[in-house]
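Me: I've got a model open and I'd like to know what the labels on it rest on. Can you take me through them, one at a time?

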Amino acid sequence: MTTLTIMPSATVMAVEEGDNLLAAMLASGARVGHKCDGGAACGQCHLFVLEGRKGLSKTTREENEILDTIVGVGSKSRLPCRVTILGTEDVTVEVLSFV
Ligand code: FES
């Protein structure tokens, strides 16, 4: 078990290996845009990983293709609907869109 911290609300929650990052965030009550419900089509869930990148699954080609269509993408960008928590280190993310 590792810890997920969601900024800017500073919500801290326990997560397990294999958890989907977006699902974990929504379960915590975080307000994250997810118009396509995790289909990697809308880009609304875009966030920055501030710490613990190695605690998350690697970026896939599909995720990169969607990220390439979003304004404001940087080296810390991920789509949490495409990310699996590996459980190897604590993770901190910054939500960029709100619903
Ligand atoms: S929920 Fe639509 S891309 Fe992640």
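Reply: Helices (H or I, at least four residues) and strands (E, at least two) are themselves DSSP runs, numbered from the N terminus. One caution is that this is a predicted model, where local features need pLDDT of at least 70, side-chain atom pairs count only at pLDDT 80 or more, and totals for chains, interfaces and linings use all residues. Residues are numbered from 1 along each chain as its sequence is written.

Me: What makes the five strands an open sheet, and in which order do they lie?

Reply: The strands line up as E2-E1-E5-E3-E4, with mixed pairing, and the sheet is open. E2 and E4 (77–78) sit at the edges with a single partner strand each, so one side of each has no neighbour in the sheet. Along the sequence, the pattern reads β-β-α-β-α-β-β, which gives two helices and five strands.

Me: How do you know that E1 and E2 pair, and in which sense?

Reply: Count the bridges: E1 (residues 2–7) and E2 (residues 11–15) share five, in the antiparallel sense. The cut-off asks for at least two, so they pair. Thr5 has Val12 in E2 as its bridge partner, and Thr3 stands opposite Ala14 in E2. The two strands make a hairpin with three residues between them, and Ala10 in the turn has a positive phi of about 60°.

Me: Why is Val15 called buried?

Reply: Val15 has 23 other C-beta atoms within 10 Å. A residue is buried if 20 or more other C-beta atoms lie within 10 Å of its own, exposed if 12 or fewer, and partly exposed in between, with C-beta atoms placed from the backbone. So Val15, in strand E2, counts as buried. In the protein, buried residues make up 29% of the 99 residues.

Me: What makes a set of residues a nonpolar core?

Reply: The members must be buried Ala, Val, Leu, Ile, Met, Phe, Trp, Tyr and Cys residues joined through C-beta atoms within 7 Å. The largest such core has 21 residues, and Leu21 and Met25 have the most contacts inside it. E1, helix H1 (21–27), strand E3 (47–51) and strand E5 (91–95) each give two or more residues to this core, and the largest share, four residues, comes from H1. Apart from residues up to four places away in sequence, Met25 touches Ile6, Ala30, Val32 and Pro80.

Technical notes. Contact = placed C-beta atoms within 7 Å.
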